[in-house]
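Welcome! Let us explore this structure together through a few exercises, each with a worked solution.

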Amino acid sequence: MRYFASVSAVACLAILGSAGISTAGVGHEHNPANTISTEVDHPDSFRHFASELPAMRERAAQINTDFGLHVSEIEPGLFFVTDLIYQSAFLVTDEGVVVFDAPPSYGERLRMAIEISAPGVPITHFVLSHKHADHNGGGFAFADIEGLTVIAAQDSADSLASNPLRGVLTPNETFEEALSLSIGGVPIELQAANFHANDTDVMIYLPEQKFLMAVDTITPGEAPFMNFGATSNLEGYMASFDTFLSYNFEHFLSGHVSVLGTRQDVETARDYAHDVKDTVNGIWPEFLDRFMAHMELTEFQHGNLAYRLTMEEIRDECAVEIIDRWDGTLSVVDLWADSHCETVVLHAIMH
Ligand SMILES: [Zn+2]
């Protein structure tokens, strides 16, 4: 994608002429869309992307163990863990330790962090926020614990049974919609949802700690990851923010970046996502007219090409607006805005 590399620096609509497939040279030389050049002098160089906002850098967690993790007790007995890219948590109770996710990038070090933070306390429970291996492939580091209760949504357990994922523990306690637990007297509420994975996600809520965990959703301080956290359910994703905000929470663990989220982060992510949706919807009534103009441009010889030109034009106009409105509020907007707009464009075609 040629335009976004430059657009944050100069915010110039004229650049759109070079976006994706250039309408100035159809059928001749053009760069494939969605490319960023690794050459420093190239107009689409990676060097043109904005760096992280200072406010984001200030909030970033710092490594505070000698084994390369950040571990902090955010509420009595509740520990937040991050390798600055992935996030998980564990809860120390009188009955035992409850682990919430174990990314493969630090599964063994998570076990070490627990044993240092809660010496002598058995690890009794492991809760999966969802089945994906990048958040739970570190389960192997807990596989030797006898009698470990591994809890997941029934749909996730079913899909893991038919398609095991490397390092992800096999659930031995499942639930359909919701499960209320009390471990060592600490209430834990699990609720199935559909905002990310293709089967089921689980919202993990600790009411006493005002802690809500919903993984692969927001990225506090940043625009969402590509295609809205690679969601497989855009409608579920869009609706999830109000669901999250209906909980009484102060800490929001989203699984990514080093920053632990707040209510404000969830509200900002909601407003961003809705702005992308509204922006595409605002252009959408012109789709047919624009498509016919591109059909004319391609001399009615190439319907697929006209369609792609139309989709890219709408995506790119949306991205320019979004970057313009949000690049002072969230980091990496210039990097991912086009993917968010494209996700909504694809959704709009089908709905
Ligand atoms: Zn995931």
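**Exercise 1. Find the nonpolar patch on the surface and say which helix gives the most to it.**

Solution. Start with the members: Y307, L346, I349 and M350 form a nonpolar patch on the surface, with about 360 Å² of accessible area together. A patch takes residues with over 30% relative accessible area and no salt bridge, joining like charges within 9 Å and nonpolar side chains (Val, Leu, Ile, Met, Phe, Trp, Tyr) within 5 Å. The areas come from the Shrake-Rupley method with a 1.4 Å probe, and for residues only the protein chains shown count as cover.

Next, look at the helices. With 3 residues, helix α11 (residues 333–350) gives the most to the nonpolar patch. Helices (H or I, at least four residues) and strands (E, at least two) are DSSP runs, numbered from the N terminus.

Finally, take one member: I349 is found in helix α11, and it counts as partly exposed because its relative accessibility is 32%. Buried means under 20% relative accessible area, exposed over 50%, and partly exposed in between (1.4 Å probe, protein chains only).

A word on the model: it is predicted, so local features need pLDDT of at least 70 and side-chain atom pairs count only at pLDDT 80 or more, while totals for chains, interfaces and linings use all residues. Residues are numbered from 1 along each chain as its sequence is written, and side-chain values use heavy atoms, leaving out hydrogens and water.

**Exercise 2. Describe how domain 1 and domain 2 meet.**

Second, look at the contacts (heavy atoms within 4.5 Å): 13 residues of domain 1 touch 12 residues of domain 2.

Third, consider the area. About 1,200 Å² is buried between domain 1 and domain 2, and carbon and sulfur atoms give 70% of that. Here buried area is the accessible area (1.4 Å probe) that two parts lose on being put together, summed over both. In domain 1, W336, H340 and T343 lose the most area to domain 2, together 39% of what that side buries.

A salt bridge is a side-chain nitrogen of Lys or Arg within 4 Å of a carboxyl oxygen of Asp or Glu.

**Exercise 3. Work out which parts the salt bridge of D199 and K131 ties together.**

Solution. Begin with the pair: the side chains of D199 and K131 meet at 3.2 Å, N to O. D199 lies in the loop between β9 (186–193) and β10, and K131 in the loop between β5 (123–127) and α4 (133–136), so the bridge ties together parts 68 residues apart in sequence. Both D199 and K131 are buried.

**Exercise 4. Trace the salt bridge between E312 and R315 and the network around it.**

Solution. Begin with the distance, which is 3.9 Å, N to O. E312 and R315 both lie in helix α10, 3 residues apart, about one turn of the helix. Residues three or four places apart point the same way because an α-helix has 3.6 residues a turn.

Then check the cover: E312 is buried at a relative accessible area of 7%, and R315 counts as buried at 2%.

Finally, widen the view: R308, E312, R315, D316 and E342 are linked in a network of salt bridges.
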